[in-house]
Amino acid sequence: MARKLHVPIRMCLQCRQRFPQGDLLRLQCKDKKIQAFDGIGRSQYVCVTCIENPKLVKQLAGRCKCVKESHEEIISLLKELRADDR
Ligand SMILES: [Zn+2]
């Protein structure tokens, strides 16, 4: 019998849908900025669909308490991260 490879499933912080971890962007809050997760501390997952959702920044701000960037800055960061994945 073929065994499926185990893929970690994570939840998008905005839409709360579950996705394979590799399909999500992993972010963290550091020095009052949202950035790519560097392997230390807490992280948040966001799906590609929710990158375009204006509510995302509010969600991130609610989690991190120190998010000050505009939505546009966060979106461009997320798109850069997405491009790096490929
Ligand atoms: Zn989502």
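These are my notebook entries on one protein chain.

**Setting up.** I am working with a predicted model, where local features need pLDDT of at least 70, side-chain atom pairs count only at pLDDT 80 or more, and totals for chains, interfaces and linings use all residues. Residues are numbered from 1 along each chain as its sequence is written, and side-chain values use heavy atoms, with hydrogens and water left out.

**Entry 1: the elements.** I looked up the fold elements and found two helices and five strands. Helices (H or I, at least four residues) and strands (E, at least two) are DSSP runs, numbered from the N terminus. Starting at the N terminus, I read the order β-β-β-β-β-α-α.

**Entry 2: the whole chain.** The chain has 86 residues, and 34% are buried. Buried means under 20% relative accessible area, with a 1.4 Å probe and protein chains only. I then checked contacts (heavy atoms within 4.5 Å). Of those with a separation of 6 or more, 44% join residues 24 or more positions apart.

**Entry 3: strand β5.** I went to β5, residues 44–47. Q44 and V46 point one way, Y45 and C47 the other way, and all are buried. Side chains in a regular strand alternate between the two faces of the sheet. β5 pairs with β3 (residues 24–30) in the antiparallel sense, over four bridges. Strands count as paired if DSSP finds at least two bridges between them. L25 has V46 of β5 as its bridge partner.

**Entry 4: Q14.** Is Q14 buried or exposed? Q14 is buried, at a relative accessible area of 13%. Q14 sits in the loop between β1 (9–11) and β2 (18–20). Leaving out residues up to four places away in sequence, Q14 touches C50, N53, K55, L56 and Q59.

Terms used
Buried means under 20% relative accessible area, exposed over 50%, partly exposed in between (1.4 Å probe, protein chains only).
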